[in-house]
Structure formats: structure tokens, C-alpha cells
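Colleague: Before I rely on any label in this model, I would like each one set against the rule behind it. Could you take me through them?

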Amino acid sequence: CIARALSSDGSVAVGNSFSDYTSLAFRWKNGFMQALTPDSVYSIAFDVSADGNVVVGFMVFDSGIWRPFKWTASGGIEDLSSITGEGMATGVSDDGSVITGISFTGGNRVFKLTNTSFQQIENPSGFNYFFRNDVKVSGNGEVLISNFRTGSSGPYAFKWNGSWQNLGSVGLAGFGIERSNFDGSSLVGSE
């Protein structure tokens, strides 16, 4: 098992477990691990809201199409691919109202999905590849963070709040920017 994110009080963990050459998204709460997708579906849960009731990730059915999903404690699994296209959801705001990720439809671009709108965001100029294939969002849902590289250099950490800001190289051995505080003013990662 890999735990990829925790709720704000640490009572809920999400991630994926491995068995028989597949991966299954899970939500762990009160000592119980709950599968979020059917066993026959390859899936990973990447992030969870502050209260632990909204989980985001992706699932791949036999067709091979990557489908971003949102899981809620009250409604179960929701396939987001009819909105985002093929891709994966990798970040969620504290209140669960903003979801971020990567849409493979139209050329691997960042997306931001709210309860009322869908926005596909162009990658930073000259940076065509994601590093670590994730896009996270600040707790308030306003600031996006990700790591990009060019064909031959990088990775570089970036922050988006209406436009991309290059924060510099994070070194080849590092994981880059991984999380932010509530308003996106402080970032954490590894180099």
C-alpha cells in the first residue's frame, strides 16, 4: 500500500494498494480500508479534502482510457472524463470544491474543475512535459502548483494564480514542489 495524502486531522488516508499486477484506489478511515473502484479497474487515489470526504484520482478500465474521478462519502464514485476528457485528477482543495489534474485530451494540459466551471490551462511556455505527473491545489483552491521540464532540462517548479510563475530548478534527483499551505504562499517539496 502507498498512502498518498491525509485529511487535515490525519484520520483519513488515501492512496493505492497493489496485488496481482494491478492497483486499487483506497480510502482508509478508523482502521478500515475501503476500495473506491471495482477490483477489476486499475486505479490510484492522489488527494483528499481536509475533512476526508472528497477523494480524487484516476481509473483505467479494460479500454485503456484514463478517467479522472471524484469520490465522495455521500455519493460514491463519479467519472469526470465527460468534463475533463481522458486524464487524471491529482489535487483537491480543502473543502473539496476545486479539483485539479492533467487532461490528456488536446495535449497534456493542466485542468481546474470547480462546481460551476472547467478550465484547461496552457502549460508554461517552452515546458511541454510534466515531472511526476501531478498538479496540486492550495487549500483555498486559488493557487495551482506543478513541476515541468523541457525535452532536455528540468524539472522546474511552477506556481499558477492566473499565470505561471517559474520558481526555478528543483534538481534531477528531487521530487519538486509537492504541497502548499492554505493560500499557496508557502510551498514544500524536495530537491
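Predicted model: local features only at pLDDT ≥ 70, side-chain atom pairs only at ≥ 80, totals over all residues.

Modeller: What follows is a set of questions about labels, each answered from a value and its definition.

Colleague: Why is alanine 157 called buried?

Modeller: Buried means under 20% relative accessible area, exposed means over 50%, and partly exposed lies in between, with a 1.4 Å probe and protein chains only; alanine 157 has 1% relative accessibility, and therefore counts as buried. Alanine 157 lies in strand E15 (residues 156–160), where helices (H or I, at least four residues) and strands (E, at least two) are DSSP runs numbered from the N terminus. Contact means heavy atoms within 4.5 Å, and, not counting residues up to four places away in sequence, alanine 157 touches several residues, including Gln165, Leu167 and Ile177.

Colleague: Why is the pair of phenylalanine 148 and tryptophan 164 called edge-to-face?

Modeller: Rings of Phe, Tyr and Trp (its six-membered ring) pair if their centres lie within 6.5 Å, and planes under 30 degrees apart count as stacked, over 60 as edge-to-face and the rest as tilted. By this rule there are ten aromatic pairs. In one of them, phenylalanine 127 and tyrosine 156 are 5.3 Å apart centre to centre with 75° between the planes, which is edge-to-face. The rings of phenylalanine 148 and tryptophan 164 have their centres 5.3 Å apart and their planes at 80°, so this pair is edge-to-face. Phenylalanine 148 lies in strand E14 and tryptophan 164 in strand E16 (residues 164–169), so the pair ties together parts that are 16 residues apart in sequence.

Colleague: Are phenylalanine 127 and tyrosine 156 buried or partly exposed?

Modeller: Phenylalanine 127 counts as buried because its relative accessibility is 11%, whereas tyrosine 156, with a relative accessible area of 22%, is partly exposed. Phenylalanine 148 is buried at 0% relative accessibility, and tryptophan 164 is buried at 18%.

Colleague: Which residues have the most contacts inside the largest nonpolar core?

Modeller: A nonpolar core is a set of buried Ala, Val, Leu, Ile, Met, Phe, Trp, Tyr and Cys residues joined through side-chain atoms within 4.5 Å. The largest has 18 residues, and those with the most contacts inside it are Val110, Leu144, Phe148 and Trp164. Strands E5 (42–48), E6 (54–60), E13 (129–137), E14 (144–149) and E15 each supply at least two residues of this core, with E13 giving the most, three residues. A second, separate core of twelve residues includes Val12, Val14, Leu36 and Val55.

Colleague: How do you know that strands E9 and E10 pair?

Modeller: Two strands pair if DSSP finds at least two bridges between them, and E9 and strand E10 (residues 99–103) pair in the antiparallel sense over five bridges. One of the bridge partners in E10 is serine 103, which faces glycine 87. The two strands form a hairpin with six residues between them, and glycine 96 in the turn has a positive phi of about 80°.

Colleague: What makes strand E9 mostly covered?

Modeller: In strand E9 (residues 87–92), six of its six residues are buried.

Notes:
Residues numbered from 1 in each chain as written. Heavy atoms only, no water.
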